[in-house]
Amino acid sequence: RMLSQINPQTGSAFSSLATVDDGANSSYNAMLVTLNHRLREHFSLRLNYTWSHCINENGIQSEISGGYYQDPYNRAGNRRNCITDVRQIFNASLVAGTPHFTRNLVERLISDWQLSAIVTARAGFWFSPGTGTDASLTGVGADRPNVSGNPNDINRSLNKWFNTAVYSKNQPGTYGNAGRDSLVGPGSTRVDLALFRSFPFQAFEKPQSIQFRIE
């Protein structure tokens, strides 16, 4: 940008120049709670919950490129949530089985079944609002808008995830006051289940088994 302003006629011959440094800082604080029931009486259970917060000045997705500072001369102005800041994470894993019965047909049908389950739930990732224009006239291309309220305070839907009414475009030659990674995306919940049983039999003078499995 500066070279283009000095000599506009040859400015189109210049590409962007990236500055790479190791001066930024990150902080991560968390509480981890774990509950573990070891395999006994035909079931085991493990639960863990993490409540955390990560803060940094920028998020880099590769070795020398990634996020950009809205104002390259004000690193502190970019200090907000990490792009990987997931405030809450819950994991649960269960393995349970029915005992081995041999007395009657009904008991034999319900014996030796095994159930495994993995449940994972997490809060959403953070992302930044952007104007998509260079109103700051810096050539950086990372302008954020001005914000006058809490954009996350809204009844969320697929058509409107955050409150766009609180945003306004930054004025020419100025930076917006909206924070980097100040919008939180949707969380997710995943459940994996498996129900199975192995049926032993004798074949070719060797013990064999066939497994019935639903996942």
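**Figure 1. A cluster of aromatic rings.** In this predicted model, Phe127, Phe162 and Tyr167 are joined into a cluster by ring pairs. A search of the whole structure gives 3 aromatic pairs. In the pair of phenylalanine 162 and tyrosine 167, the ring centres are 6.1 Å apart and the planes meet at 85°, so this pair is edge-to-face. Planes over 60 degrees apart are what that label requires. Phenylalanine 162 has 23% relative accessibility and therefore counts as partly exposed. Tyrosine 167 has a relative accessible area of 17%, so tyrosine 167 is buried. The cut-off for buried is under 20%.

**Figure 2. The ring pair of tryptophan 113 and phenylalanine 212.** The search of the whole structure finds 3 aromatic pairs. In the pair of tryptophan 113 and phenylalanine 212, the ring centres are 5.9 Å apart and the planes are at 90°, so the arrangement is edge-to-face. Tryptophan 113 belongs to the loop between helix 2 (105-110) and strand 5 (114-122), while phenylalanine 212 belongs to strand 11 (residues 206-214), so the pair ties together parts that are 99 residues apart in sequence. Phenylalanine 212 is partly exposed, because its relative accessibility is 42%.

**Figure 3. A charged side chain over a ring.** Phenylalanine 196 has arginine 213 lying over its face. The distance from arginine 213 to the ring centre of phenylalanine 196 is 4.4 Å.

**Figure 4. The disulfide of cysteine 54 and cysteine 82.** The sulfur atoms of cysteine 54 and cysteine 82 are 2.0 Å apart and form a disulfide. The count for the model is 1 disulfide. The torsion about the S-S bond of cysteine 54 and cysteine 82 is about -65°, so the disulfide is left-handed. This pair links distant parts of the chain, 28 residues apart: cysteine 54 is in strand 2 (residues 43-56), and cysteine 82 is in the loop between strand 3 (80-81) and strand 4 (88-97). Both cysteine 54 and cysteine 82 are buried.

**Figure 5. The surroundings of aspartate 85.** Aspartate 85 is found in the loop between strand 3 and strand 4. Its relative accessible area is 1%, so aspartate 85 is buried. The side chains of aspartate 85 and arginine 87 are joined by a polar contact of 2.6 Å. Leaving aside residues up to four places away in sequence, aspartate 85 touches Ser52, His53, Cys54, Gly124, Phe125 and Trp126.

Terms used. Residues numbered from 1 in each chain as written. Predicted model: local features only at pLDDT ≥ 70, side-chain atom pairs only at ≥ 80, totals over all residues. Heavy atoms only, no water. Disulfide = S-S within 2.5 Å. Helix = DSSP H or I, 4+ residues; strand = E, 2+ residues; numbered from the N terminus. Buried < 20%, exposed > 50% of the residue type's maximum accessible area, 1.4 Å probe, protein only. Polar contact = N/O pair within 3.5 Å; in protein donor to acceptor, adjacent residues only side chain to side chain. Contact = heavy atoms within 4.5 Å. Phe/Tyr/Trp six-rings, centres within 6.5 Å; stacked < 30°, edge-to-face > 60°. Lys NZ or Arg CZ within 6 Å of the ring centre and 35° of its normal.
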